[in-house]
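Welcome, and thanks for taking a look at this one with me. Below are a few points to read with the model open beside you.

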Amino acid sequence: SKTPPKIHIFLPRLVAALEEVDETYIMVKPDGVQRGLVGEVISRFEKKGFKLTGLKLFQCPRDLAEEHYKDLKAKPFFPKLIKYITSGPVVCMAWEGVGVVASARKLIGATDPLQAEPGTIRGDLAVQTGRNVVHGSDSPENGKREIGKAFDALLRYYHLLNLSDMITNLALWFKEGEICEWTPAVAQWLRE
Ligand code: ADP
């Protein structure tokens, strides 16, 4: 007899997915790690009031870098981009909060750091597109795809139904158990 799948562990993530709680994947790229900017980047999101739900230092393998940036495959800079992202450890982060995807893009600033406004991460800390310190998901859908774990419960059932081919791209940077559900003690001081 088969043990029924224990989906209760993943229910908060499923609820988050269904309620469309915004989450975004933020990554300090290898230049940011090498330049000692990890704390600075984390600090800007913490101070803004978003909630950190995942954090790790990670050496990105080539196939993951290519999957993450697959929409840019045809660009002339794609090989250099893959080399850059895999050239040293990155810091992977998941941040949650209403409107976090668009707000994070504003905090990060324009892709070209020379065009990025002062006060943004790239505007303050970088000078070149090919070394722009940080990544942030460009849409809520990509936030879910890059963090992925919102789909844990669904993944289980897709596997059971032998539909796993359909869902292989749904979890890029975090594995089961790496996303943490918690309630910040200051929550009532951030939202009325
Ligand atoms: P963003 O990171 O702001 O969402 P894109 O999705 O357009 O920007 O590009 C992804 C990443 O690819 C950029 O952050 C940058 O590291 C790299 N990139 C984009 N355009 C160029 C370019 N013209 N030359 C070198 N690298 C680039």
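**Notes for a first look**

1. Helix H8 itself covers residues 140-147, and its buried residues are Gly143, Lys144, Arg145, Glu146 and Ile147. Please keep in mind throughout that this is a predicted model.

2. Stepping back, the protein has ten helices and four strands. Read from the N terminus, the elements follow the order α-β-α-α-β-α-α-β-α-α-β-α-α-α. Of its 192 residues, 33% are buried. If you count contacts between residues at least 6 apart in sequence, 72% of them link residues at least 24 apart.

3. Now to the ligand. Which residues are around it? They are Leu72, Phe77, Leu81, Thr111, Thr129, Gly130, Asn132, His135 and Asp138. Sorted by class, this shell holds three nonpolar, five polar and one charged residues.

4. Under "binding site", the unreviewed entry lists Lys29, Phe77, Arg105, Thr111, Arg122 and Asn132. Among the residues around the ligand in the model are Phe77, Thr111 and Asn132.

5. Phenylalanine 77 sits in the loop that runs between helix H4 (62-68) and helix H5 (78-85). Is phenylalanine 77 buried or exposed? It counts as exposed, because it has 11 C-beta neighbours inside 10 Å, and 12 or fewer is the cut-off for that label.

6. Arginine 105, from the "binding site" list in the UniProt entry, belongs to helix H6 (residues 100-108). With 16 C-beta neighbours inside 10 Å, arginine 105 is classed as partly exposed. Setting aside neighbours within four places in sequence, arginine 105 is in contact with Gly136 and Asp138. Asp138 is also one of the residues around the ligand.

7. Finally, have a look at histidine 135, which the unreviewed UniProt entry annotates as "active site". You will find histidine 135 in strand S4 (residues 134-136). Why is histidine 135 called buried? The reason is that 22 other C-beta atoms lie within 10 Å, and the label needs 20 or more. Beyond its neighbours within four places in sequence, histidine 135 is in contact with Ile26, Met27 and Lys29.

Definitions and conventions. Residues are numbered from 1 along each chain as its sequence is written. This is a predicted model: local features need pLDDT of at least 70, side-chain atom pairs count only at pLDDT 80 or more; totals for chains, interfaces and linings use all residues. A residue is near a molecule or strand if its C-beta atom, placed from the backbone, lies within 6 Å of it. Ala, Val, Leu, Ile, Met, Phe, Trp, Tyr, Cys and Pro count as nonpolar, Asp, Glu, Lys and Arg as charged, and the others, Gly among them, as polar. Helices (H or I, at least four residues) and strands (E, at least two) are DSSP runs, numbered from the N terminus. UniProt positions are given in the numbering used here, feature names are shortened, and annotations may be inferred rather than shown by experiment. Two residues are in contact if their C-beta atoms, placed from the backbone, lie within 7 Å.
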